[in-house]
Amino acid sequence: MAQPDTPREYITLVSAEGCTFVLDKQAACVSKMIKEMLEGCSAGPFGPMSTIPFREVGATVLDLVCQYLSERNNRGSSMTEFKPLRTLDPSKEEDRQTVTELLLASNYLDC
């Protein structure tokens, strides 16, 4: 007899502007830093951590990070296969800034 699926766990990531992003915990744990944060706080006095604020990461970049973590969790893709990066135009200052911030965030989050 097949085992019933275990319910998915979700966490919330909060950007510098206060925007919230709900992400499957398994996908979030693709980031080594997030995984360590969740493991380190799982036995806290208020129960497991479910919200992580990122005061230095803007909403646009955190959205891209969440998309990447979900895609990598589902497909095992590398950053070179991440389609949203293809839409960024290096001749535009705003896109160059987004790429720079995304690189910093991915380095910080170790993903």
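Lys-25 is partly exposed, with a relative accessible area of 26%. Partly exposed means between the two other classes: buried is under 20% relative accessible area and exposed is over 50%, with a 1.4 Å probe and protein chains only. Keep in mind that this is a predicted model, where local features need pLDDT of at least 70, side-chain atom pairs count only at pLDDT 80 or more, and totals for chains, interfaces and linings use all residues. Residues are numbered from 1 along each chain as its sequence is written, and side-chain values use heavy atoms, leaving out hydrogens and water.

What does Lys-25 form with Glu-9? A salt bridge, with the closest N and O atoms 3.6 Å apart. By salt bridge I mean a side-chain nitrogen of Lys or Arg within 4 Å of a carboxyl oxygen of Asp or Glu. This pair links distant parts of the chain, 16 residues apart: Glu-9 is in the segment before strand 1, and Lys-25 is in helix 1, residues 25–28. Helices (H or I, at least four residues) and strands (E, at least two) are DSSP runs, numbered from the N terminus.

Searching the whole structure gives 4 salt bridges. Another one joins the side chains of Arg-8 and Asp-24, at 3.0 Å from N to O. Arg-8 sits in the segment before strand 1 (10–14) and Asp-24 in strand 2 (residues 20–24), so this pair ties together parts 16 residues apart in sequence. Arg-8 is exposed at 59% relative accessibility, while Asp-24 is buried at 11%.

Next, helix 3. Arg-75 and Glu-71 form a salt bridge, their closest N and O atoms 4.0 Å apart. Both residues lie in helix 3 (residues 59–75), 4 residues apart, about one turn of the helix. Arg-75 is exposed at 66%; Glu-71 is buried at 15%.
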